[in-house]
Amino acid sequence: MRPRQASRDLCRALEFEAYVAGAGGRLLHTATLLTAEAPDDNPHARRLLIRALAHTYASWDRLRGDDPYEVTRRYLAIRFAHGVRHRHRGLLRSRPLPQSPLARLSPRERLVLVLRFHEGVAEERTAALLGLPADRVRTICHRATAALLDPPREPAPAVGGVEAAPS
Amino acid sequence: MNREEAVRRLLGQSPPPVPPELSAQAARRGARILRRRARARRAMWLLVLAAVVAVTVWALTARPWVEPPSETTPSLTGW
């Protein structure tokens, strides 16, 4: 019993390490886009990702052919949406750093935009993941695209490199 | 669509550097979750076992299936 358990633990650890080595960079990028933090200073994104990865590790033996990447991404999105909802109610709402061009968007707009365009998740699946109707997802997506590509008249403070985006 | 492509490019620039301890940290936390789940499962089984033992002991001592001795005499009819 014990040796078998130990060998399963080792096997899981090795597989998981290989998975994170392959997908970690992309997932961290996604998480950083969600939290709208600067690429080299992203404590929230790291915490979010480590949580999602730990959850994936814990359900590793029960994946049964499911794509672990998808599992992690789903948990990441749900966790982010949940965290935002709860932080809204409290007084302590951490403002996203203005370095990211995404900081202008609302958390939900960021979530939809990142899932749709950065992760390439289909509209229906995004809607199902977030529990929204599909046309609502389309609306949010259009609004977020407009807000990102056509910045408002007043100059946003300390936003560099946004104007470089072709519209 | 051209705007979609622009958004994609904007999102794709400057990926963050991956911290080297990411996998180890996540695995540590994941292992902790697994241990916690195993503990909870064990506690639940122990609870179930204790309940089964308690019910068995009670049933063997109280014998609820045995009809209690009648305390009243049936009335005399048909004389």
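Visitor: Before we start, what should I know about the numbering and the model?
Guide: Residues are numbered from 1 along each chain as its sequence is written, and chains are lettered from A, with ligands numbered from 1, in the order in which they are written. The model is predicted, so local features need pLDDT of at least 70, side-chain atom pairs count only at pLDDT 80 or more, and totals for chains, interfaces and linings use all residues.

Visitor: How many helices and strands are there in chain A?
Guide: Six helices and zero strands. Along the sequence the pattern reads α-α-α-α-α-α. Helices (H or I, at least four residues) and strands (E, at least two) are DSSP runs, numbered from the N terminus.

Visitor: What makes A:H55 buried?
Guide: A residue is buried if 20 or more other C-beta atoms lie within 10 Å of its own, exposed if 12 or fewer, and partly exposed in between, with C-beta atoms placed from the backbone. A:H55 has 21 other C-beta atoms within 10 Å, so it is buried. This residue lies in helix 2 of chain A. Its C-alpha is 7.9 Å from that of A:Y75, 20 residues apart in sequence.

Visitor: Why does A:R64 count as exposed?
Guide: A:R64 has 5 C-beta neighbours inside 10 Å, so it counts as exposed. Look for A:R64 in the loop between helix 2 and helix 3 (68–89) of chain A. A:R64 also has a positive phi of about 50°, although it is not a glycine.

Visitor: How do you know that the span of helix 6 of chain A agrees with what it should be?
Guide: The expected span of a helix is 1.5 Å times one less than its number of residues. For the 16 residues of helix 6 (residues 134–149) that gives 22 Å, and the end C-alpha atoms are 22 Å apart, so the two agree.

Visitor: Which residues of helix 6 of chain A are buried, and how do you know that they line one face?
Guide: The buried ones are A:V137, A:I140, A:C141, A:A144, A:T145 and A:L148. The arc is that of the directions from the helix axis to the C-beta atoms. On the other side of helix 6, A:D135, A:R136, A:H142 and A:A146 are exposed.

Visitor: What covers the buried residues of helix 6 of chain A?
Guide: The cover includes helix 4 (107–118) and helix 5 (123–130) of chain A, together with helix 1 (2–12) of chain B.

Visitor: Why is helix 4 of chain A called roughly perpendicular to helix 6 of chain A?
Guide: The two pack at an angle of about 95°, with their axes 9 Å apart. Axes are lines fitted to C-alpha atoms, for helices over the stretch in contact, and angles run from 0 to 180 degrees between N-to-C directions. Angles under 35 degrees count as roughly parallel, over 145 as roughly antiparallel, 65 to 115 as roughly perpendicular and the rest as oblique. That makes helix 4 of chain A roughly perpendicular to helix 6 of chain A.

Visitor: What makes the buried residues of helix 1 of chain B lie on the same side?
Guide: The residues are B:V7, B:L10 and B:L11. They cover an arc of only 95° around the axis, which puts them on the same side of helix 1 of chain B. The face turned away carries the exposed residues B:N2, B:E5 and B:G12.

Key:
Contact = placed C-beta atoms within 7 Å.
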